[in-house]
Amino acid sequence: MTYTVLKFLHLLGLTLIGAGLIGVWYADLRSRQVQELLVFAESVRTVAVLYDGLVVPGALLLLGSGTWLIVTVYGGWAFLGMPWLAGMVSLFAFEFIEGNTITRLYFMRLRRLAREAVQKGKVTAELEEARRRYAPTFTHFLDIPILFVIVALGAMRPNSWAPFVIGTGLALVAAAILTVVIPRLYPLELGENRR
């Protein structure tokens, strides 16, 4: 019974985090496509709501249920000998730390700057500079590809490190391409006095 409940909580956490990251992806793309400052600010606010309302609770459910599954089902530290599980744990740990530092803090800052720009009625230089930053853009675009690798490892359960290495490499390449292409497709072109 405990295993069934833990598995359900784990899948629920995956659903929440997946829905949240897809929503964040959409809201970010929307913020890049608009020219009205108010719509931009609302899209950035939506990113923050999705992070706090779906991504963080999903990550906490995954952390709790995953840890308990490892302890009760996979022999605690014995998981280190299972490439698929050790890979999932390492990628989740990386995403948990990165997502709650670089990406989440960046969008919180972007929301504050967008709010200030709306109050001033124009795009500020600080907002333009923040939107052009590559590191948080890269980590943001890395979220979904890394989640796909985590899910693939859990579904396929490979006994070698090759799928982990290849999947992680492909995720990094995908995020790098998106970091270069998306900002060029949708440069920040908010109107000076548009509300």
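I began with a term: a crossing is left-handed if the near helix is turned anticlockwise from the far one by less than a right angle, and right-handed if clockwise.

**Entry 1: ground rules**

This is a predicted model, where local features need pLDDT of at least 70, side-chain atom pairs count only at pLDDT 80 or more, and totals for chains, interfaces and linings use all residues. Residues are numbered from 1 along each chain as its sequence is written, and side-chain values use heavy atoms, with hydrogens and water left out.

**Entry 2: the whole chain**

I looked up the secondary structure first. The protein chain has 6 helices and 0 strands. Helices (H or I, at least four residues) and strands (E, at least two) are DSSP runs, numbered from the N terminus. Read from the N terminus, the elements go α-α-α-α-α-α.

I then looked up the extent. Along the principal axes, the C-alpha atoms fill a box of roughly 60 × 30 × 20 Å. How much of the protein chain is buried? Of its 195 residues, 43% are buried. Here buried means under 20% relative accessible area, exposed over 50%, and partly exposed in between, with a 1.4 Å probe and protein chains only.

**Entry 3: helix against helix**

Two packed helices are described by the angle between their axes and the distance between the axes. The axes are lines fitted to C-alpha atoms, for helices over the stretch in contact, and angles run from 0 to 180 degrees between N-to-C directions. Angles under 35 degrees count as roughly parallel, over 145 as roughly antiparallel, 65 to 115 as roughly perpendicular and the rest as oblique.

I took helix 1 and helix 2 (residues 37-72) to start. Their axes cross at roughly 160° and come within 7 Å. Helix 1 and helix 2 are therefore roughly antiparallel. Helix 1 passes helix 2 in a left-handed crossing.

Next I checked helix 1 with helix 5 (residues 134-156). These axes come within 11 Å and cross at roughly 150°. So helix 1 and helix 5 are also roughly antiparallel. Which hand does the crossing of helix 1 and helix 5 have? I found it left-handed.

Then came helix 2 and helix 3. Their axes lie 9 Å apart, at an angle of about 155°. Helix 2 and helix 3 are therefore roughly antiparallel. Helix 2 passes helix 3 in a left-handed crossing.

**Entry 4: Tyr-26**

Tyr-26 counts as exposed because its relative accessibility is 57%. How far is Tyr-26 from Val-47 in space, C-alpha to C-alpha? The distance is 8.7 Å, while the two are 21 residues apart in sequence.

**Entry 5: salt bridges**

Side chains of opposite charge can pair when their charged atoms come close. A salt bridge is a side-chain nitrogen of Lys or Arg within 4 Å of a carboxyl oxygen of Asp or Glu. By this rule I count 7 salt bridges.

One of them joins the side chains of Asp-28 and Arg-131, at 3.0 Å from N to O. This pair links distant parts of the chain: Asp-28 is in helix 1, Arg-131 in helix 4 (residues 125-131), 103 residues apart. Are Asp-28 and Arg-131 buried or exposed? Both Asp-28 and Arg-131 are buried. A network of salt bridges links Asp-28, Arg-32 and Arg-131.

I also looked up Glu-126 and Arg-109, whose side chains form a salt bridge at 3.5 Å, N to O. This pair too links distant parts of the chain, with Glu-126 in helix 4 and Arg-109 in helix 3 (residues 83-120), 17 residues apart. Glu-126 counts as partly exposed because its relative accessibility is 37%. Arg-109, at 25%, counts as partly exposed.

Glu-128 and Arg-132 make another salt bridge, at 3.9 Å from N to O. Glu-128 is partly exposed, with a relative accessible area of 28%. Arg-132 is exposed, at 56%.

**Entry 6: a positive phi**

Most residues other than glycine have a negative phi, and most peptide bonds are trans. I looked at Arg-157, where phi is near 50°, a positive value. Arg-157 sits in the loop between helix 5 and helix 6. Its relative accessible area is 41%, so Arg-157 is partly exposed.
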